[in-house]
Amino acid sequence: MKRYGRAMILFAALAMSACTGSKPSSGINDPNESANRRIHAFNKSVDKVLLSPASNGYGTVIPSPLRKGFSNFADHLSLPNDVINNALQGDIEGAGSSVARFVVNTVFGLAGFVDVATSGGMERYDTDFGETLHVWGAGEGAYTELPFFGPSTTRDSYGLLADIILDPFFVVTREPTRYIGGVAYVVNAMGDRYEYDATIDSILYESADSYAQARILYLQNRRFELGMTDESTYVDPEFDPYEDPYADF
């Protein structure tokens with residue numbers, strides 16, 4: 001475990017170094033747009049051929065209460081990561097609340113399929129290692145489109161990798177139990193794709209430039225989540241995602 005801890009410290013140091021001095025000054029920092037657009041096109045193809053049809057089948061066959069249960073279970077499995085990241089951010093209240101939610105929903109919520117904690121008024125402190133890096137002072141870095149995962153930034157890409165590494169189900173448990181988190185994530189993703197089908201379709205297939213729209217929505221939402229309210233953190237308010245980007249050529 002000591003070697004594992006040292007590896008995580010080194011990983012965090014590398015992430016901080018990669019993100020240092022990279023905070024956006026003009027709203028959008030996308031130096032790798034060409035490569036990002038190719039990955040975005042790949043992700044759209046995966047959605048069109050695989051995820052969208054699979055989610056429609058999943059939503060049609062699986063009744064809403066059961067889909068909600070799977071979603072609760074996926075959220076439940078992410079609570080140990082919330083504990084770790086809240087602690088790393090110095091948020092002791094958030095870490096304690098995450099521990100309490102995990103215990104309550106494990107014992108009284110059928111291993112997390114029923115969200116008893118929320119029904120009982122227990123607040124969730126949802127967080128991730130990308131936010132931890134932000135709290136530690138790491139800059140946002142460049143906008144990045146990740147294969148299969150979609151919009152991200154340099155900082156959040158490192159954060160996603162760290163969250164996977166920090167996942168107790170992946171680190172502690174053995175096969176095949178260690179993959180339970182990944183399976184839950186995929187099932188939950190299909191449920192989300194089904195629930196927000198119209199919104200996702202409007203972004204990916206009804207806008208003239210789906211890449212630009214996904215980018216602006218992600219950056220604005222993520223910066224809001226992190227409490228970045230300075231005007232320099234927001235993108236061009238005149239941006240029209242339905243305007244043809246090639247109309248002037």
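Let us start with one residue of this predicted model: Phe148 is exposed, with a relative accessible area of 63%. Phe148 lies in the loop between strand E1 and strand E2, and its phi is positive, about 75°, although Phe148 is not a glycine.

**The hairpin around Phe148**

E1 and E2 run antiparallel and are joined by 4 bridges. Together the two strands form a hairpin with 3 residues between them, and Phe148 sits in that turn. Which residue of E2 stands opposite Tyr143? It is Thr153.

**Aromatic pairs**

The structure holds 7 aromatic pairs. In one of them, the ring centres of Phe42 and Phe148 are 5.3 Å apart and the planes meet at 85°, so this pair is edge-to-face. Phe42 belongs to helix H2 (residues 33-61), while Phe148 is in the loop between E1 (143-146) and E2 (150-153), so the pair ties together parts that are 106 residues apart in sequence. Is Phe42 buried, partly exposed or exposed? At 37% relative accessibility, Phe42 counts as partly exposed.

Another pair is made by Phe70 and Phe113: with ring centres 6.2 Å apart and planes at 65°, this pair is edge-to-face too. Phe70 comes from helix H3 (residues 64-77) and Phe113 from the loop between helix H5 (92-108) and helix H6 (116-119), so the pair links distant parts of the chain, 43 residues apart. Ring pairs also bring in Phe73, giving a cluster of Phe70, Phe73 and Phe113.

| Residue | Relative accessible area | Class |
|---|---|---|
| Phe42 | 37% | partly exposed |
| Phe70 | 28% | partly exposed |
| Phe113 | 32% | partly exposed |
| Leu110 | 62% | exposed |
| Ala138 | 1% | buried |

Leu110 is found in the loop between H5 and H6. Its phi is positive, about 55°, although Leu110 is not a glycine. With a relative accessible area of 62%, Leu110 is exposed. H4 itself covers residues 79-88, and its buried residues are Leu79, Pro80, Asn81, Asp82, Asn85 and Asn86.

**A buried alanine**

Ala138 has its place in the loop between helix H7 (129-135) and E1. Why does Ala138 count as buried? Its relative accessible area is 1%, and the class buried takes in values under 20%. Leaving aside residues up to four places away in sequence, Ala138 touches Met16, Cys19, Leu133 and Arg155. Ala18 is 120 residues from Ala138 in sequence, yet their C-alpha atoms are 8.4 Å apart in space.

On the H11 side, the contact involves Ser202, Ile203 and Leu204; on the H12 side, Ser210, Gln213, Ala214 and Leu217. These contact residues divide into 4 nonpolar and 3 polar, with no charged residue.

Note on methods:
Residues are numbered from 1 along each chain as its sequence is written. This is a predicted model: local features need pLDDT of at least 70, side-chain atom pairs count only at pLDDT 80 or more; totals for chains, interfaces and linings use all residues. Side-chain values use heavy atoms; hydrogens and water are left out. Buried means under 20% relative accessible area, exposed over 50%, partly exposed in between (1.4 Å probe, protein chains only). Rings of Phe, Tyr and Trp (its six-membered ring) pair if their centres lie within 6.5 Å; planes under 30 degrees apart count as stacked, over 60 as edge-to-face and the rest as tilted. Contact means heavy atoms within 4.5 Å. Two strands pair if DSSP finds at least two bridges between them. Ala, Val, Leu, Ile, Met, Phe, Trp, Tyr, Cys and Pro count as nonpolar, Asp, Glu, Lys and Arg as charged, and the others, Gly among them, as polar.
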